[in-house]
Amino acid sequence: MPLIWIRVVWTVKITFYGGVGEIGGNKILLEDRGARVFFDFGQPFGFGTDFFTGWLMPRAINGLGDYFEFDLLPKLKGLYSREQLVSTSLAYENPLFDAVFLSHAHFDHVQHIEFLDPEIPVYLGAGTRLFLECMEETSGSCKYGDHSYQTFRTGDEIRVGDMTVEPVHVDHSIPAAYGFLINTSGGTLAYTGDLRVHGPRKDMTEEFVARAEQCDPVALICEGTRMVEVETRKNYSEHEVESLSGEIASSSDKAVFATHYSRDMDRFRSFYNVAKKSGRKIVISPKTAYLLSKLVGDKSLSFPDPVKDQDVLVYYKRKKSGKFDDKDYFVWERGFMNKMVGHDYVRKNQHELVIDVDFNQFAELVDVKPERGGHFIHSMSEPFSEEDLEDQVMHNWLDHFGLRFHQLHASGHVNKSQLKAMIDQINPKNIFPVHTENPQMFKKINKKVKTMQAGKAYTL
Ligand SMILES: [Zn+2]
């Protein structure tokens, strides 16, 4: 009897369930020889806004029911938890997915893990795990669900079925951000996550790019947040944000207020340095103090300890009793009361302080009574539209208190020319643009760019 050799040709499939033609919401499924792995599972900006707005939100009590009604999440078998599926037509099945990898702790990369079956392991950086823990502990509305978390660091190689995943650190506007090199039967894929090359740890991004180049990747899954025709919004490097803010603080005898994204710890560090170099102290919220207290354990990040560092003060809002009693505050807030300052202290010493103030906490300014001629540094993205209501309200407050406005921000993302240089260096065989509103623009900088449709499987 003749011997028949059957050569099995494995194919690697890639499907984008989010992040296609939109910023954020990355949900990238990779399938190889039976292994099925998601990379990121986030919520896009502007998620569900055709059907939900303001207080009209999907009901938690209905699990995924309200989301499926409007096709806001993919109806995939063996992915979601039993309780999330109770009021949907999708029957619960035991997990048909092997792992979910998270690149970093921004909500547009992690938020929808709350729906996942807890049996599916979630791999994430050790720092990302800390961020998720902090968010759940300090913000009542933030829930990520129960998971078997597995933490990794750069240098680890994680085997899932026949796939091997190597996380490599990158610089982004949050600590513990990673790109991935994914070794499959069809070759190596590189996934950038979110990254930049103008931040304080650009060496980490350079390391990722060099490693990706060495792998001669069959595909690059590449973020493109700043892939736009003309960049109208002003962007500085992190170093410039610090030095320009430093000039403001050093040359003023009035208060300096600053607002930035709560998880951007490079920006916290910049303002901490600004305060120190201008002979001021920095005033932070208990939430930032709590996050710092978690991160000080990681020596590679070298953050000041909010309990011990003499240049860090913690602002406690007054409660009805007016006494600043510890019982009036959440348990997690109480650890920094040795560094407590209230509105009286800030009012009297404002010229010696750099004060973190979030837009939602602006009412504290009524108590602080800033002297006219003080400064307000807006260290976040500029508004997307000139009619932005929050922006108008912010300026009304600043005008009311006579505070001078400064826009000083460093983006967490590579710009268009940096993207081109990065893609040229890595020189992948295929490019899948994600996390961008302008995937078609990638074609102008490289011919190997694929046009994708959300939910459609592509074979490598
Ligand atoms: Zn991000």
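**Ground rules.** I am looking at a predicted model, where local features need pLDDT of at least 70, side-chain atom pairs count only at pLDDT 80 or more, and totals for chains, interfaces and linings use all residues. Residues are numbered from 1 along each chain as its sequence is written, and side-chain values use heavy atoms, with hydrogens and water left out.

**Strand β1.** I began with β1, residues 12–18; strands (E, at least two residues) and helices (H or I, at least four) are DSSP runs, numbered from the N terminus. Five of the seven residues in β1 are buried, meaning under 20% relative accessible area with a 1.4 Å probe, protein chains only.

**The open sheet.** Next I traced six strands in the order β7-β8-β9-β10-β11-β19, with mixed pairing. β7 (158–160) and β19 (431–434) each have a single partner strand, so one side of each lacks a neighbour in the sheet. I noted an average twist of 20 degrees from one strand to the next, using lines fitted to C-alpha atoms (for helices, over the stretch in contact) and angles from 0 to 180 degrees between N-to-C directions. β11 (219–223) and β19 are parallel over four bridges, and Leu220 has Ile431 of β19 as its bridge partner.

**Helices on the sheet.** Helix α5 (202–214) touches β8, β9 and β10, contact being heavy atoms within 4.5 Å. Its direction makes about 150 degrees with that of β8. Helix α12 (416–426) touches β11 and β19, at about 165 degrees to β11.

Definitions and conventions. Buried means under 20% relative accessible area, exposed over 50%, partly exposed in between (1.4 Å probe, protein chains only). Two strands pair if DSSP finds at least two bridges between them.
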